Amino acid sequence: MSMSASHRPILAHTHVTVWMCGSTHLVATCWCRYVALYAKFLLVDSVRSALDAMREGLLEVVTPAVLDGLSAEDFRLILNGCAEVDVSLLQRLTVFKNETSKDEFYVKQVQEWFWAIVTEMSEEQKHDLISFWTSSPSLPATEAGLLPRPTVVVRPSSEGSAGMLPTAHTCSAQLSIPVYPSIDTMRSKLLTALSTNTFGFV
């Protein structure tokens with residue numbers, strides 16, 4: 001069996017020793033080892049100072065005890081939320097408020113139409129809705145993390161007849177929807193609002 005070693009440049013002023021082995025099995029093993037070392041260098045070693053600074057900053061606002069027992073996946077969920085929007089959770093926690101002069105029948109109708117529209121949305125549209133509504137593109141991993149509780153304010157039908165789009169107060173997780181004449185109109189107006197991508201403070 002023959003073996004040779006060579007130094008290959010990865011980044012400026014950096015070299016990693018690559019062992020080339022005579023055996024096919026050893027070549028594969030050595031190559032996997034090289035890839036693992038290369039990945040570690042790119043993702044960890046080359047940015048070590050930045051990672052240490054991030055860790056130091058995190059521990060200034062979060063005590064180490066809070067992080068004990070958390071897996072990498074647990075931490076990812078806390079930071080990024082869930083990949084899928086749980087409509088049933090959202091439906092259970094959302095509060096509807098009536099700001100119209102009409103009775104609760106219209107609020108109930110808006111509520112039924114709204115959830116029917118949300119349920120049939122694509123996953124991307126659901127994330128757009130959450131972003132428009134709360135400024136965060138994902139729901140938190142736990143129910144306790146959904147604060148403030150999402151609210152839908154039902155606005156007067158005069159606004160709906162005037163063609164006004166739904167609006168959102170992201171700081172308070174409040175979505176304002178006028179009473180529209182039909183579910184199709186509500187769907188069209190809501191999707192138009194989501195597609196504008198001109199989010200900001202309202």
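User: What ground rules apply to the numbering and the side-chain values?

Analyst: Residues are numbered from 1 along each chain as its sequence is written, and side-chain values use heavy atoms, with hydrogens and water left out. The model is predicted: local features need pLDDT of at least 70, side-chain atom pairs count only at pLDDT 80 or more, and totals for chains, interfaces and linings use all residues.

User: How many aromatic pairs does a search of the whole structure find?

Analyst: Rings of Phe, Tyr and Trp (its six-membered ring) pair if their centres lie within 6.5 Å; planes under 30 degrees apart are stacked, over 60 edge-to-face, the rest tilted. The search of the whole structure finds 7 aromatic pairs. One of them joins Phe96 and Trp115, edge-to-face, at 6.2 Å centre to centre and 70° between the planes. This pair links distant parts of the chain: Phe96 sits in strand E3 (residues 95-98) and Trp115 in helix H6 (residues 104-119), 19 residues apart. Helices (H or I, at least four residues) and strands (E, at least two) are DSSP runs, numbered from the N terminus.

User: Is Phe96 buried or exposed?

Analyst: Buried means under 20% relative accessible area, exposed over 50%, partly exposed in between (1.4 Å probe, protein chains only). Phe96 has 15%, so it is buried. Trp115 is buried too, at 5%. Trp115 also pairs edge-to-face with Phe114, at 4.9 Å and 70°. Phe114 has 0% and is buried. Ring pairs link Phe96, Phe114, Trp115 and Trp133 into a cluster.

User: At what angle do the axes of H7 and H9 cross?

Analyst: Axes are lines fitted to C-alpha atoms, for helices over the stretch in contact; angles run from 0 to 180 degrees between N-to-C directions. Helix H7 (residues 123-134) and helix H9 (residues 183-195) have axes that come within 9 Å and cross at roughly 75°. H7 is therefore roughly perpendicular to H9 (under 35 degrees is roughly parallel, over 145 roughly antiparallel, 65 to 115 roughly perpendicular, the rest oblique).

User: Which residues of H7 and H9 make the contact?

Analyst: Contact means heavy atoms within 4.5 Å. H7 gives Gln125, Asp128, Leu129 and Phe132; H9 gives Leu190, Leu191, Ala193 and Leu194.

User: What is the strand order of the open sheet?

Analyst: Strands of a sheet pair through backbone hydrogen bonds, either parallel or antiparallel. Two strands pair if DSSP finds at least two bridges between them. Here 4 strands form an open sheet, ordered E3-E4-E6-E5, with mixed pairing. E3 and E5 (167-169) are the edge strands, each pairing on one side only. E5 pairs with E6 (residues 174-178) in the antiparallel sense over 3 bridges.
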